[in-house]
Amino acid sequence: MGFEKYFVGKKSVAVSVVRIFIALLLVFSLVFFLWSLMKYNKIMDEKRENEAYIQQLQDSIDELQYLVDMPLDDAYKIRIARERLGMCFPDEIIYYTDME
């Protein structure tokens, strides 16, 4: 009732200002939503990469733990000599290929 004097004659200006404000608010909201969505997707990609890296490290830890827990018998010594030092028995025939 007391607000009528503010909108008389200026009704179209006030309505235009409100419409512009609502339009700007919607644009800002849309931009903020898209920015948040892109940031979320980036964080999820980083999470997947980190989880894959953690799994790689866990596999490496498991392999090393297996080697530590193995008894130091002749089979272990032979395997280490073959894998780490590139050694072989004198009567073995070695085949080399270019494939890895």
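This tour goes through a predicted model, from the whole chain to a few side chains.

**Before starting.** Residues are numbered from 1 along each chain as its sequence is written. In this predicted model, local features need pLDDT of at least 70, side-chain atom pairs count only at pLDDT 80 or more, totals for chains, interfaces and linings use all residues, and side-chain values use heavy atoms, with hydrogens and water left out.

**Select the whole chain.** The chain has three helices and zero strands, in the order α-α-α along the sequence. Helices (H or I, at least four residues) and strands (E, at least two) are DSSP runs, numbered from the N terminus. Of the 100 residues, 4% count as buried; buried means under 20% relative accessible area, exposed over 50%, and partly exposed in between (1.4 Å probe, protein chains only). The chain exposes about 10,000 Å², of which carbon and sulfur atoms supply 66%. Such areas come from the Shrake-Rupley method with a 1.4 Å probe; for residues, only the protein chains shown count as cover.

**Colour by confidence.** The pLDDT is the predictor's confidence in each residue, from 0 to 100. The chain averages 85, and 87% of the residues score at least 70. Confidence is lowest in helix α1 (residues 4-7), at a mean of 60, and highest in helix α2 (residues 11-69), at 93. Where pLDDT is low, the predicted coordinates should not be read in detail.

**Select Val 18, Phe 21, Ile 22, Leu 25 and Leu 26.** These residues form a nonpolar patch on the surface, with about 500 Å² of accessible area together. Leu 25 lies in helix α2 and is partly exposed, at 44% relative accessibility.

**Select Phe 28, Phe 32 and Trp 35.** Ring pairs link these residues into a cluster. Rings of Phe, Tyr and Trp (its six-membered ring) pair if their centres lie within 6.5 Å; planes under 30 degrees apart count as stacked, over 60 as edge-to-face and the rest as tilted. The whole structure holds two aromatic pairs. Phe 28 and Phe 32 are stacked, 6.3 Å centre to centre with 20° between the planes. They are four residues apart in helix α2, so about one helical turn separates them. Phe 28 is exposed, at 54%, whereas Phe 32 is partly exposed, at 46%. The rings of Phe 32 and Trp 35 have centres 5.9 Å apart and planes at 35°, so this pair is tilted.

Notes: Patch = residues over 30% accessible without salt bridge, like charges linked within 9 Å, V, L, I, M, F, W, Y side chains within 5 Å. Salt bridge = Lys/Arg side-chain N within 4 Å of Asp/Glu carboxyl O.
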